[in-house]
Amino acid sequence: MTVNIGDIGFYLPEQQAIDLSDADSWDDTTTTDYTAATERKGKDFYIYACDDSGALTLLLSANSTHPNGYGDTNSRKIGGFHCLCADVGTISGHTLSELLHGRGYPPGIGLGSQTPARVRSGGDGLQ
């Protein structure tokens, strides 16, 4: 994936894992701790590519404009996703069977044509 942030081009040569339960994946966990699945249930989140002093960092945020600590010149929204509001339960033969609340909803992941992340099946994160 390539992304321009401000006047700088960044290249991400391979898919990256983003763990929803890891505080380092989020722009801010002090107001609401989104590492906890119960805090994510039924909410929309956004994926940002950020220029962190010349290094490309992928961050998750509940903020739809830019992640906390970043602005228009050093971040770019590259995707978004919705987290399940309730446990799915068992649905015979269905790909969403057994997913739990607060997980990224696979059909709801919106990313560019060169996907920098994907939902880890049944996992607590994006990959």
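User: What share of the contacts with a separation of 6 or more comes from residues 24 or more positions apart?
Analyst: That share is 52% in this chain. Keep in mind that the model is predicted.

User: OK, how many helices and strands does the chain have?
Analyst: There is one helix, and there are eight strands. Along the sequence they run β-β-β-α-β-β-β-β-β.

User: And how much of the chain counts as buried?
Analyst: Of its 127 residues, 38% are buried.

User: Let's zoom in. Where does Asp-27 lie?
Analyst: Asp-27 is in a loop. That loop runs between β3 (18-19) and α1 (37-40).

User: Is Asp-27 buried or exposed, and why?
Analyst: Asp-27 has a relative accessible area of 19%. Buried means under 20%, so Asp-27 counts as buried.

User: Which residues does Asp-27 touch, leaving out those up to four places away in sequence?
Analyst: Asp-27 touches Leu-59, Leu-60 and Ser-61, plus Pro-67 and Asn-68.

User: Go back to Asn-68. Which of its atoms lies 2.7 Å from a polar side-chain atom of Asp-27?
Analyst: The backbone nitrogen of Asn-68.

Definitions and conventions. Residues are numbered from 1 along each chain as its sequence is written. This is a predicted model: local features need pLDDT of at least 70, side-chain atom pairs count only at pLDDT 80 or more; totals for chains, interfaces and linings use all residues. Side-chain values use heavy atoms; hydrogens and water are left out. Helices (H or I, at least four residues) and strands (E, at least two) are DSSP runs, numbered from the N terminus. Buried means under 20% relative accessible area, exposed over 50%, partly exposed in between (1.4 Å probe, protein chains only). Contact means heavy atoms within 4.5 Å. A polar contact is a pair of N or O atoms within 3.5 Å; within protein, one must be able to donate a hydrogen and the other to accept it, and residues adjacent in sequence count only if both atoms are side-chain atoms.
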